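Please read each point with the model in view.

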Amino acid sequence: MDVDVLVSFAFATAILALAPGPDNIYVLMQSITNGKSFGLATVFGLISGCLVHTTLVAFGVSAIIKASDSIFWFIKILGASYLLYLAYKVYKSDAEVLLSSDNVPDKTWTQLFKQGFIMNVLNPKVSIFFLAFFPGFLFSNTLSTVKQFYILGFIFMGISFVIFSVLAILAGAISEYIKQHKEVGPFLKWMQVVVFTGIAIFILISEK
């Protein structure tokens, strides 16, 4: 078991969870508008949805690995290319972090959990990201690939849950800090570019 690979995966996951995106900004806005517990409900829903994507990737990619090494390598190339595409999109995007709670509707805890779950499960970009992200971080020659993908999935969900929960709990303070410190946007933007590019390179140079 290569612990360094798992540490690298955990570090990359943490940075990506911190980077501004539709999910964590939505969590922030729900917490600011409706309260911390409602932000946490959204977090629970979003993270629960990741289990579905993990399962799809675990069994789908594991079957491909058994079928053909060359196809698996092709998937890794496509995954790295997709991550480089994401890095380019972030590079071309506006660095400003936009926070607005004007159009955030009031919902119950259960409604927010369901909405977070459905938002995640029905978002094909999440499956594509998992497919691009996970194969480069297989860490054992003895464990089955299905088990490895689930371990990576649970690490991803655990770290994302902790970071998203902190965002929900400290939503007000974080929002005010971002509004008062405009340099946060460019820093987070370039951090995403570096991480996406670094993961793409890591996937290409890593062995099966």
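1. The buried residues of H8 pack against H2, H7 and helix H9 (184–205). Helices here are DSSP runs of H or I with at least four residues, numbered from the N terminus, and contact means heavy atoms within 4.5 Å. This is a predicted model, in which local features need pLDDT of at least 70 and side-chain atom pairs count only at pLDDT 80 or more, while totals for chains, interfaces and linings use all residues. Residues are numbered from 1 along each chain as its sequence is written, and side-chain values use heavy atoms, with hydrogens and water left out.

2. Helix H8 spans residues 171–180, and Ala171, Ser175 and Ile178 are buried in it; buried means under 20% relative accessible area, exposed over 50%, and partly exposed in between (1.4 Å probe, protein chains only). Viewed down the axis of H8, its buried residues fall within an arc of 65 degrees, so they line one face of the helix. The arc is taken from the directions from the helix axis to the C-beta atoms. Ala173 and Gln180, on the other side of H8, are exposed.

3. Two packed helices are described by the angle between their axes and the distance between the axes. For helix H2 (residues 22–34) and helix H7 (residues 145–169), the axes come within 8 Å and cross at roughly 35 degrees. Such axes are lines fitted to C-alpha atoms over the stretch in contact, and angles run from 0 to 180 degrees between N-to-C directions.

4. Which residues of H2 meet H7? They are Asp23, Asn24, Val27, Leu28 and Ser31, and their partners in H7 are Phe164, Leu167 and Ala168. By class, this contact of H2 with H7 has 5 nonpolar, 2 polar and 1 charged residues.

5. Ser140 is found in the loop between helix H6 (124–133) and H7. Is Ser140 buried or exposed? Ser140 is buried, because its relative accessible area is 12%. Its side chain makes a polar contact (a pair of N or O atoms within 3.5 Å, one able to donate a hydrogen and the other to accept it) with the side chain of Thr142, at 3.1 Å. A polar atom of the Ser140 side chain also lies 3.1 Å from the backbone nitrogen of Leu143. Leaving aside neighbours within four places in sequence, Ser140 is in contact with Met1 and Gln148.

6. Asn120 lies in helix H5 (residues 109–121) and counts as buried at 4% relative accessibility. Apart from neighbours within four places in sequence, Asn120 is in contact with Leu46, Gly49, Cys50, His53 and Val126.

Notes: Helices (H or I, at least four residues) and strands (E, at least two) are DSSP runs, numbered from the N terminus. Ala, Val, Leu, Ile, Met, Phe, Trp, Tyr, Cys and Pro count as nonpolar, Asp, Glu, Lys and Arg as charged, and the others, Gly among them, as polar.
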